[in-house]
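Here are my comments on the model you sent. They are numbered so that you can go through them with the structure open.

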Amino acid sequence: MPERRAAGPRCAALIGPYSSGKTTLLENILHASGATQRRGTVKEGNLVGDSSAESRHRQMSTEVNVASADFMGEAWTFLDCPGSIELLQETYNALMVADVAVLVVEPVPDRARAIAPLLKFLDEREIPHMIFVNKLDHASAPVRQVLEALQTVSERPLVLRQVPIVAGDQVTGYVDLVSERAYSYKPGQASDLIAVPDAEKDSEKDARQKLLEALADFDDGLLEKLLEDTVPPTGDIYAHLTKNLQNDRIVPVFMGAVEKGSGVRRLLKALRHETPEVRSAAARLGVDAARGEALAQVFKSQHVPHSGKLTFVRVLRGELADGAAMGGERIGGIFRVTGAQHAKLPKAQAGMVVALGRMESIKTGPGADPIGQGAGRHGRIAEAAEARLWPNVVGREPE
Ligand SMILES: Nc1nc2c(ncn2[C@@H]2O[C@H](COP(=O)(O)OP(=O)(O)OP(=O)(O)O)[C@@H](O)[C@H]2O)c(=O)[nH]1
Ligand SMILES: [Mg+2]
């Protein structure tokens, strides 16, 4: 494949219904990228996300967890969103600033209805998204059935990118449908490359053909090739997949068991190659990323004991500098956030997600009353319920 230049800072939102494994996925992403040395679990209450006393106590996410990490030399921020229906507005706010969403689901076809509102939101706003079918270590239905159920609530075609390798009632690995390479899962480590098992060969060929046909619906050249029975080169297939994800025409489907670290690296690599840069998200927010003064979009605010208020933003264009005037306030600290850790930065470039200190008058939404933020769970939920879709855009004032 041709060499690609390094991408600017990107942002992925992890979304999905309650308890599908999003915060566990975040934990395993941070581990796979080398940002952390150990992998915590929900049971042990030692995840990077869900570090608040309330989250630990309830064993669920009660707010968006923000975590930045580098993967293969590129900067990422992951926004791990709560699955609870009461907190849906927080998810929507995070989605508006993300370059891509990973919709994490359990392999249970009956739950597709619960996912419909999220897919509708993504489809209507043309936010590029992938589906990750999690918990394959406890699969209760074949992935194909899960996909069929999800397709009934998705406007976009769902395109399987992997087929599971099954031994008895266990999923032991997968075949990648583009590279046609098979891998055997190794808990917590990169999977082993193996030969495609004979038993999987027919389903692999069949699923690969479906993938190519889905792509050919958007490209006449590819359609002609398929009609002539010519197999396109792997590099071309990746290019079509990238273009179609970035234009939100197809929804690629990946799978694994994130608690065991299975499928995490494959997902990260797809994100790395296929996620658009910040200018697409900026365009969705009505912002031209190429022209104008520094601009950031607020998606969350939080009161932290001792540090005061933190305003979480995605920088859409330009560069924020500590101490500079923004939205009528002076930035009192710029922080790169990973769970409960805050690292002070002098500046933040376009594409980065950072927390800004002491932006007292900046609200998370035009309808939100900042009074009561941080005043326990009810204050925060009330804020989320009131927040509208278009939170403040913080613009630099003329100095
Ligand atoms: N068997 C199995 N369990 C998993 C897997 N991933 C997560 N879990 C379990 O699923 C439960 C929920 O995990 P979380 O990571 O908190 O899920 P979540 O989607 O972040 O939940 P909310 O944020 O509260 O919606 C926990 O008990 C996890 O241990 C997996 O791959 N396999
Ligand atoms: Mg969670």
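How do α1 and α9 lie to each other: roughly parallel or roughly perpendicular?

1. Keep in mind that this is a predicted model. The axes of helix α1 (residues 22-32) and helix α9 (residues 264-274) cross at roughly 80 degrees. Angles of 65 to 115 degrees count as roughly perpendicular, and α1 and α9 are therefore roughly perpendicular to each other. Their axes come within 10 Å.

2. Look next at the residues between these two helices. From α1 come L25, N28, I29 and A32. They meet V264, R265, L267 and L268 of α9. Sorted by class, the contact of α1 with α9 has six nonpolar residues, one polar and one charged.

3. Helix α6 (residues 198-216) packs against helix α7 (residues 220-227) at an angle of about 140 degrees. The axes of α6 and α7 are 8 Å apart. Roughly antiparallel would need an angle over 145 degrees, so α6 and α7 are classed as oblique to each other.

4. On the α6 side, the contact is made by L212, E213, L215 and A216. On the α7 side, L222, L223 and L226 take part. The contact of α6 with α7 has six nonpolar residues, no polar ones and one charged.

5. Check both ends of α7. D219 caps the N-terminal end of α7. A side-chain oxygen of D219 lies 3.1 Å from the backbone nitrogen of G221. After α7 comes D229, with a positive phi near 60 degrees.

6. Now the ligand. How many residues surround ligand 1? There are 19, and the closest are K22, T23, T24, S61 and E259. By class, this shell has six nonpolar, nine polar and four charged residues.

7. A polar side-chain atom of D137 lies 2.9 Å from a nitrogen atom of ligand 1. A polar backbone atom of V258 is 3.0 Å from an oxygen atom of the ligand. For S20, a polar backbone atom is 3.1 Å from a ligand 1 oxygen. Taken alone, ligand 1 exposes 650 Å², and the protein buries 89% of that.

Key:
Residues numbered from 1 in each chain as written. Chains lettered and ligands numbered in written order. Predicted model: local features only at pLDDT ≥ 70, side-chain atom pairs only at ≥ 80, totals over all residues. Heavy atoms only, no water. Near = heavy atom within 4 Å. Polar contact = N/O pair within 3.5 Å; in protein donor to acceptor, adjacent residues only side chain to side chain. Areas by Shrake-Rupley, 256 points an atom, 1.4 Å probe, with all protein chains shown as cover. Nonpolar A, V, L, I, M, F, W, Y, C, P; charged D, E, K, R; others polar. Axes fitted to C-alpha atoms, helices over the stretch in contact; angles between N-to-C directions. Helix = DSSP H or I, 4+ residues; strand = E, 2+ residues; numbered from the N terminus. Parallel < 35°, antiparallel > 145°, perpendicular 65-115°, else oblique. Contact = heavy atoms within 4.5 Å.
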